[in-house]
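Here is a short report on a protein model and the way its chains meet. Look at the structure first, then read on.

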Amino acid sequence: MIGDMRHTTATMLLRHCQTLAPKGKAQWAEAMARERDEIADPGEALAFAVGCLVTISLERARTVDFLLGEVRWVVSAATGLLAMFALVAVLRMLPAYPQAAMVLGTIGLVFGWCSRLLANSKEWRVVTIAIVMFALSGLSIVAMNTSFPEPPHEALYRALALEGLLLWSAILGASLAIATGRLYKRQANKSLGGES
Amino acid sequence: MKRNRPLSNEARTLMQALADAPSRWRHGYDLIKETGLKSGTLYPILMRLSDRGLLEAQWLEPEQLGKPARHAYRLTAKGLEFYRELPTLNTETDPIPYGAQVQA
């Protein structure tokens, strides 16, 4: 029963590989699916299918063009704005809370760098940006955990840090969703011979 | 931009398996069993070798009737030459490739 399930799952995953494979790698996905028929052991078949899915997903990710102009400009503008907000906050906080101001300053600089990178770079690497954003979430958590001497301000800055974290997580998530959705559609159109 | 990274131990293991019988066509699953590589490691290497013209692939009809054709691989002359020009692996200092048996 469980063996059957693993075989079925492996078959399902390999079928998904065939759908997911970019045009140039379609025959590889087909080859993987045919190899699965040769594997008798269900556990081995499932492990094989998972490896194939990872391979094809990475191939797909390599072929997706994340340089959609409008998304790039929106994210660039949004990160630029966040950089400006962070720097204004630094100026206001510096005399009273130098430590927290330094954290915010770092966040602001990284946002500024991201914004510039997105606006200028022809080879926008979305993974790089995602890593930078992820690293920044760490900074926000640091900011949230920074102890402020006056209780009312502590609550305020924690709320601001949380708000910032949620805000740019939403921007990043929405941009990625738009980018992948639009590009998959565009690529599907191309595959069908339609206009991109 | 294309990058020319040094060959990994896994790629070396695979090329070694293919170079052992250069004229023989090999299937993916057979290579997995022979080299001990996982499918998630084997196929990306096969794809890269193929992209670089070091590996050729073709659909081979099975000897058993009723079964579908399978993809088979072997090194091209360029691939074989490339493999022979690789510096030899020092088993005492280099990491042991996946699935390779160390002879006592």
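## What counts as contact

Two residues are in contact when heavy atoms of theirs lie within 4.5 Å. On that basis, 21 residues of chain A and 22 residues of chain B take part in the contact. The model is predicted.

## The buried area

Chain A and chain B bury about 1,800 Å² between them. Carbon and sulfur atoms give 58% of that area. Three residues stand out on the chain A side: A:Trp28, A:Arg34 and A:Glu35. Together they supply 35% of the area that chain A buries against chain B, more than any other three residues.

## Charges and polar pairs

Five salt bridges link chain A and chain B. One of them joins the side chains of A:Glu38 and B:Arg70, at 3.6 Å from N to O.

Which helices of chain A supply at least two residues each to the side that touches chain B? They are H2 (26–36) and H3 (42–63). H3(A) gives the most, with nine residues. By class, this side of chain A holds eight nonpolar, three polar and 10 charged residues.

## Chain B on its own

Chain B has four helices and three strands. Along the sequence they run α-β-α-α-β-β-α. Of the 104 residues in chain B, 38% are buried. Its accessible surface comes to about 6,700 Å², with 49% belonging to carbon and sulfur atoms.

Contacts in chain B also span the sequence. Among those between residues at least 6 apart, 60% join residues at least 24 apart.

Note on methods: Residues are numbered from 1 along each chain as its sequence is written. Chains are lettered from A and ligands numbered from 1 in the order in which they are written. This is a predicted model: local features need pLDDT of at least 70, side-chain atom pairs count only at pLDDT 80 or more; totals for chains, interfaces and linings use all residues. Side-chain values use heavy atoms; hydrogens and water are left out. Buried area is the accessible area (1.4 Å probe) that two parts lose on being put together, summed over both. A salt bridge is a side-chain nitrogen of Lys or Arg within 4 Å of a carboxyl oxygen of Asp or Glu. Ala, Val, Leu, Ile, Met, Phe, Trp, Tyr, Cys and Pro count as nonpolar, Asp, Glu, Lys and Arg as charged, and the others, Gly among them, as polar. Buried means under 20% relative accessible area, exposed over 50%, partly exposed in between (1.4 Å probe, protein chains only). Accessible areas come from the Shrake-Rupley method with a 1.4 Å probe; for residues, only the protein chains shown count as cover.
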